[in-house]
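Please examine the sequence and the model displayed here before turning to the discussion.

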Amino acid sequence: MERENMVKSVSRALDIVHLVSMKKGGLGVTEIANQIDINKSSVYRILSTLVQYGYVEQDVETGRYKLGYKFLEVSSRLLESIDLRAEARPYLQELEQETNEVIHLVVYDQGEVVYIEKLEGTETLRMHSKVGKRAPMHCTSVGKAILANLPSSVVLDIVERKGLPMHTNKTITEKEAFLMELNNVKKLGYALDLEENEPGISCIAVPIFDHLERAIAAVSISGPTIRMTGERMEQLQGKMREIGYRISTRLGYTKDIIK
């Protein structure tokens, strides 16, 4: 019986925290009691305990209760402990199983992308990519997916420093054309590499955002152009945007990026 009462108290406390979090200006004891059908004295006792531990605070002027800064402390610890590879891996495996193609996960670092995960798929494909290797941003789908979501000043700085060197005869090497390409990527929500980095290889990628809405990584599907046709790319773009969004939410991202 005591255990049941304790569980019930915890449940009520969490209900109160949820209610308080939904109201920017906070809520009073009576409002809370009316919304979750608990008597005011019980609500007050729970709130007092939450205030004591810093999870809720009371506005001195209005008497209303709102979330306390303890939640920021706890959430920051959670965000610091998030392992991108671990969070993304189930979704990468899902893509691998559905497509049988090579799946990459990269992070942005100093004007380049770094491969941090690679799933080989079941089809035979020889690519230069490997975990730990760096790659340029302008001719890879993962690079373009990230660049399209970086501040324009950062993009221009990268283009100036790194240039747009030709990797294949399909690499976009003209600055204006490349900036137009990034605008298009931003609108579509995904990026393509149509044999721009390696001959015979085409890729589709989407950005991954963190809790601060920064594009910090990208995930891609790569395969031979004979399989990665325009029609197949079109079929994959919805799934890719969904996967990008799902990984992003695991990192604390809350904005809707599925168009």
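Visitor: On what basis are the residues numbered and the features selected?
Guide: Residues are numbered from 1 along each chain as its sequence is written, and side-chain values use heavy atoms, with hydrogens and water left out. The model is predicted, so local features need pLDDT of at least 70, side-chain atom pairs count only at pLDDT 80 or more, and totals for chains, interfaces and linings use all residues.

Visitor: In what order do the 6 strands of the open sheet stand?
Guide: Helices (H or I, at least four residues) and strands (E, at least two) are DSSP runs, numbered from the N terminus. Two strands pair if DSSP finds at least two bridges between them. The pairing in this open sheet is antiparallel, and the order is β5-β4-β3-β8-β7-β6.

Visitor: Which strands stand at the edges of the sheet?
Guide: An edge strand has a single partner strand, so one side of it is left without a neighbour in the sheet. The strands in this position are β5 (134–135) and β6.

Visitor: Over how many bridges do β7 and β8 pair?
Guide: I204 stands opposite I221 in β8, and the bridge partner of I201 is P224. The hairpin of these strands has 5 residues between them, where E213 takes a positive phi near 65 degrees. β7 and β8 pair in the antiparallel sense, and the number of bridges is 9.

Visitor: How many of the 10 residues of β8 are buried?
Guide: Buried means under 20% relative accessible area, exposed over 50%, and partly exposed in between (1.4 Å probe, protein chains only). β8 also pairs with β3 in the antiparallel sense over 6 bridges, with V107 opposite A217. β8 is largely enclosed by the rest of the structure, because the number of its residues that are buried is 9.

Visitor: At which residue does α9 bend?
Guide: Helix α9 (residues 230–250) has 21 residues and reaches 30 Å from its first C-alpha to its last, close to the 30 Å expected at 1.5 Å a residue; the expected span is 1.5 Å times one less than the number of residues. The bend at a residue is the angle between axes fitted to the seven residues ending there and the seven starting there. In α9 the bend is about 35 degrees, at L236.

Visitor: Against which elements do the buried residues of α9 pack?
Guide: The buried residues of α9 include M233, L236, M240, I243 and I247. An α-helix has 3.6 residues a turn, so residues three or four places apart point the same way. With contact meaning heavy atoms within 4.5 Å, the buried residues of α9 pack against α5 (84–99), α8 (175–188), β6 (191–194), β7 (201–209) and β8 (215–224).

Visitor: How is the pair of Y55 and F71 classed?
Guide: Rings of Phe, Tyr and Trp (its six-membered ring) pair if their centres lie within 6.5 Å; planes under 30 degrees apart count as stacked, over 60 as edge-to-face and the rest as tilted. The structure holds 2 aromatic pairs. The rings of Y55 and F71 have their centres 5.1 Å apart and their planes at 70 degrees, so the pair is edge-to-face.

Visitor: How many residues apart in sequence are the parts that F209 and Y253 tie together?
Guide: Both F209 and Y253 are buried. Their ring centres are 5.0 Å apart and their planes at 20 degrees, so the pair is stacked. F209 lies in strand β7 and Y253 in the segment after α9, so the distance in sequence between the parts tied together is 44 residues.

Visitor: With which residue do the side chains of R232 meet in a salt bridge?
Guide: A salt bridge is a side-chain nitrogen of Lys or Arg within 4 Å of a carboxyl oxygen of Asp or Glu, and a search of the whole structure finds 20. R227 meets E101 in one of these (2.7 Å, N to O), linking parts of the chain 126 residues apart. R232 is buried, and its partner, also at 2.7 Å (N to O), is E101.

Visitor: What is the relative accessibility of K144?
Guide: K144 meets E196 in a salt bridge (2.8 Å, N to O), joining helix α6 (residues 141–147) to the loop between β6 and β7. E196 counts as buried at 5% relative accessibility. K144 also counts as buried, and its value is 0%.
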